[in-house]
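Hi,

Here is the structure I promised to pass on.

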Amino acid sequence: MATIHLTKGGFEKRVASMDSISGEWKFLGSRPALIDFYASWCGPCKALSPIIDDLAEEFDGKVDIYKVNVDDEQELARAFGIRSIPTLLFIPLVGEPKKTMGAMPQNALREVLNDMIKQ
C-alpha cells in the first residue's frame, strides 16, 4: 500500500481528534502508524520520501504510513509543534506518540516500526 497523504479531516478520521492532541491522547487507528511531516521544497524531505514509500509497501497491513505537507496543513503542524522538517511521528497502538526530527536511515526506521508492531 502506498503512503496516504493526510489532511486535517483525514487525520481526524484515521488518527485522532484535534482535541486529543492537546488533551488526553486517544488513537483511532487499528495498527501502529508513522506520520512524515514534510514540505515539497525540503531537500532532506525529498531524500526521505522514497524510503518512506518503500517502508509503506514493506509494512503494508502492519503499520499505517501517512504524509502531512506542513505548508498545506499548518494547523496539524502547529498542533504537533513541528519546527523543522522532516519530522517523523511514531504512533504506537498504546501510549503516547513519539517525535523525531530529521531524516533517519531506512534500517533504523525499519527497526522502530518492527518494535512498534511487537508492542
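Before the notes, one term: two strands count as paired if DSSP finds at least two bridges between them. Keep in mind too that this is a predicted model.

Strand β4 (residues 87-91) and β5 run antiparallel and are joined by 4 bridges.

Now zoom out. The sheet is an open one of 5 strands, in the order β1-β3-β2-β4-β5, and its pairing is mixed. At the edges sit β1 (4-5) and β5 (98-101), each of which pairs on one side only.

Next, the helices. Helix α3 (residues 43-58) lies across β2 (33-38), β3 (64-69) and β4, and runs at about 155° to β3. Helix α5 (residues 106-118) also packs on the sheet: α5 touches β2, β3 and β4, and its direction makes about 20° with that of β4.

What about the inside? The largest nonpolar core has 26 residues, and those touching the most other members are Phe-11, Val-15, Trp-25, Ile-35, Phe-37, Phe-80 and Ile-91. Two or more residues each come from α2 (18-22), β2, β3, α4 (74-79) and β4, with β2 giving the most, 4 residues.

Leaving out residues up to four places away in sequence, its contacts include Leu-6, Phe-11, Tyr-66, Val-68 and Leu-89. There is also a second, separate core of 14 residues, with Leu-55, Leu-88, Leu-109 and Met-116 among them.

Cheers

Definitions and conventions:
Residues numbered from 1 in each chain as written. Predicted model: local features only at pLDDT ≥ 70, side-chain atom pairs only at ≥ 80, totals over all residues. Heavy atoms only, no water. Contact = heavy atoms within 4.5 Å. Axes fitted to C-alpha atoms, helices over the stretch in contact; angles between N-to-C directions. Core = buried A, V, L, I, M, F, W, Y, C linked by side-chain atoms within 4.5 Å. Buried < 20%, exposed > 50% of the residue type's maximum accessible area, 1.4 Å probe, protein only.
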